Amino acid sequence: MGRALSNKNVMTATFEVADFDGEFKASFGRPELRGTWIIYGGSGCGKTTFVLQVCKYLTRFRKVAYNSLEQGLSLSLQRAWERVEMHEVGSRIILLDKESLSDLKLRLKKKHSPDVVVIDSVQYWFGLRLTDVIRLKEDFPNKLFIFISQENGGQPDGIVAKKIRYDCDIKIRVEGYKAFFTTRYEVSEKGEGGADYIIWQDGADNYWADILTSK
């Protein structure tokens, strides 16, 4: 049986949030760095660059592990790594080369393990079930898991990915070098959270200008 909380308990509870700034604050607000987020989009839309930009920024607050399930350590990933100048954050980020769910759990049980784990992409954890994701959150309640997903018809591809999206606190869809946010955190009237994030200005300008022209 779960623990019952009084009205006062609910109203006086405090939560640790990340003190984001600049464009990240405008888009993400000041979120908790635990639970689950999802980032999804089609191929060639700027998704990998955006994910790595987010990873780099999060190293200001936590140690990050990027589990490259789809590409592993590859030339294309190395070039994306270089593009965001990831060398600037040193040992605050590590790359996991196609690490399985069971091996990841063993890693996260160790002292000084990463606080933020990016899974790219969820479709490459073959046989993954929603119950596996729920258990992962329950086993490591103070860690943040960011699931990356391929897209089909404007939604994450596959039943499990769609269910993960429903469960996530922050949902981000990438298209045309822009990231669009849906969040369970209330969007502040001070401009903290909810703003579109520009991944690559020239690419976004050209893509969306073509969309407007074609209408």
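Predicted model: local features only at pLDDT ≥ 70, side-chain atom pairs only at ≥ 80, totals over all residues.
Axes here are lines fitted to C-alpha atoms, for helices over the stretch in contact, with angles taken between N-to-C directions. On the α6 side the meeting residues are L130, V133 and K137, and on the α7 side they are V160, K163, I164 and D167.

Another helix pair involves α3 (residues 47–58) and α4 (residues 75–83), packed at an angle of about 50° with axes 9 Å apart. That angle makes α3 oblique to α4. As for handedness, the crossing of α3 past α4 is right-handed. From α3 come T48, T49 and L52, while α4 puts in L77, A80, W81 and R83. The tally for the residues of this contact is four nonpolar, two polar and one charged.

Staying with α3, K56 is also part of this helix, and this lysine deserves a look of its own. K56 counts as buried because its relative accessibility is 17%, and the cut-off for buried is under 20%. What does the K56 side chain pair up with? The partner is the side chain of E88, through a polar contact of 2.6 Å. Leaving aside residues up to four places away in sequence, K56 touches V84, E85, M86, E88 and V89.

Turning to the backbone, a few spots in the loops stand out. D120 and S121 are joined by a cis peptide bond, with omega at about 0°. S121 belongs to the loop between β4 (116–120) and α6.

For H112, a residue other than glycine, phi is near 60°. H112 sits in the loop that runs between α5 (101–108) and β4. Is H112 buried or exposed? With a relative accessible area of 74%, H112 is exposed, since the line for exposed is drawn at over 50%.

Y177, again a residue other than glycine, has phi near 65°. The loop in question lies between β8 (170–175) and β9 (178–183). Y177 has a relative accessibility of 22%, so this tyrosine counts as partly exposed.

Definitions and conventions. Residues numbered from 1 in each chain as written. Heavy atoms only, no water. Axes fitted to C-alpha atoms, helices over the stretch in contact; angles between N-to-C directions. Helix = DSSP H or I, 4+ residues; strand = E, 2+ residues; numbered from the N terminus. Parallel < 35°, antiparallel > 145°, perpendicular 65-115°, else oblique. Left-handed = near helix turned anticlockwise from the far one by under 90°. Contact = heavy atoms within 4.5 Å. Nonpolar A, V, L, I, M, F, W, Y, C, P; charged D, E, K, R; others polar. Buried < 20%, exposed > 50% of the residue type's maximum accessible area, 1.4 Å probe, protein only. Polar contact = N/O pair within 3.5 Å; in protein donor to acceptor, adjacent residues only side chain to side chain.
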